[in-house]
Amino acid sequence: MDRIKTIARGIGITLLFLIVALCLAVTIVPPFLDRIYYRGPASSHYDGAHFFNPDGVIDIPAPPGASRQGFIARWLLGADDRPPWPDAVAVKPARPAPFAAPRGMVATWVGHATVLVQAAGLNILTDPIWSDYASPFPPLGPKRVAQPGIRFEDLPKIDLILLSHNHYDHMDLPTLKRLWQRDRPKIVTSLGNDTILKSAGIPAVALDWGGSVSGAALNGLAPQAVIQCGAYEHCPDYRVHVTRNHHWGSRWGADRNRALWSSFVVETRAGNIFFAGDTGAGDMGWPIQARRYGPIRLALIPIGAFRFWKGQMQSDAHIGPLQAVEIFRRLGASTAIPVHWGTFRLSYEKWDTPPKMLELALRCAGIPRERFAPVRIGQAVPVPMVSPVPEAPKSCDERAIEALE
């Protein structure tokens, strides 16, 4: 009997210790994981400590009839009855040329939000990720189902990297380290993200929404310098504008919104390029703001990771195909490539739901398919010169859209 009491007392003490440790962890761990990436004056989207969307907060609502806590737990555990995805997708990697012609523009979708855009001798990468996992703790976390559309060793010398925010599927430090060590590219991002990169030995220029920097300044040239490009190889005659979108940022959860998120407009001699980054719809005013920098020859717009329960058409943080078509229209873009789908499983929709829904949404809007056509990972797309988007006959099958999973 005494032995049983001793064991019971030991179990009780252990449980009490675990409860106390858990309570302390709840208090101590979040501040420990918090980071201050940026200090500066308050603004319309920064309160002196955290960034925010001036057009509304990002929320994670639960499906109808479910609790938010239960929904998040089931989603993290993959127990939310999500449609199946393939374990692997066949990819034929491209072998891009060293650079594009002086007025030429070629875009190759590498996967997820990573695109190689070659324009006027420039080689630009958006949110590069070549890692197999989008996670701080691989092999835990989302695993790549489609290999990169360009082998890393086949990448041409990269001149410029656009880095939209600090989520792991967009800011992949292992890939960024490899690129920096190999090519010393110029990296432009939004406020605070440069602090994370600097801790990994990677320099970057961080700007607020509305800020811009020239290729001349990034390459250490005087502002008044006349840029002579000759054969246009790696020509620094460009300007990057950091523009608003609607998202959020975090590396650890506790550091939520300590760094800013953004979209970009890049002005080149071959025309303007728009990269939406990762974004929800918000007030839908930000594509109109980006349009003011001039005609957009190529827009890179996300269409995936928008559904977290059956029938959902968008989330606060991610647009779906229906919103992507409206953003294309508001941008006034000539050609767009849909990205942010079919590479990492981040949400509920089926693997091929985003491109199928995009096709139907384009018909509803009367936009010719070739102006915003889904492409294969590894497909190189010669981007036509800027021209008005003709109006196609509208044919809207809303029941077919609603039936997609």
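Strand β4, helix α3 (residues 173-183) and strand β5 (residues 186-190) build a right-handed β-α-β unit; right-handed means that, with the strands pointing away from the viewer, the path from the first strand over the helix to the second runs clockwise. Helices (H or I, at least four residues) and strands (E, at least two) are DSSP runs, numbered from the N terminus. The model is predicted, so local features need pLDDT of at least 70, side-chain atom pairs count only at pLDDT 80 or more, and totals for chains, interfaces and linings use all residues. Residues are numbered from 1 along each chain as its sequence is written, and side-chain values use heavy atoms, without hydrogens and water.

**Exercise 1.** Find the strands that pair with β4.

*Solution.* Strands pair if DSSP finds at least two bridges between them.
- Step 1: β3 (residues 122-126) runs parallel to β4, joined by three bridges, and T126 stands opposite L162.
- Step 2: β5 is also parallel to β4, over four bridges, with I161 opposite I187.

**Exercise 2.** Classify the ring pair Y38 and F51.

*Solution.* Rings of Phe, Tyr and Trp (its six-membered ring) pair if their centres lie within 6.5 Å; planes under 30 degrees apart are stacked, over 60 edge-to-face, the rest tilted.
- Step 1: The search of the whole structure gives ten aromatic pairs.
- Step 2: In one of them, Y38 and F51 are 5.5 Å apart centre to centre with 35° between the planes, hence tilted.
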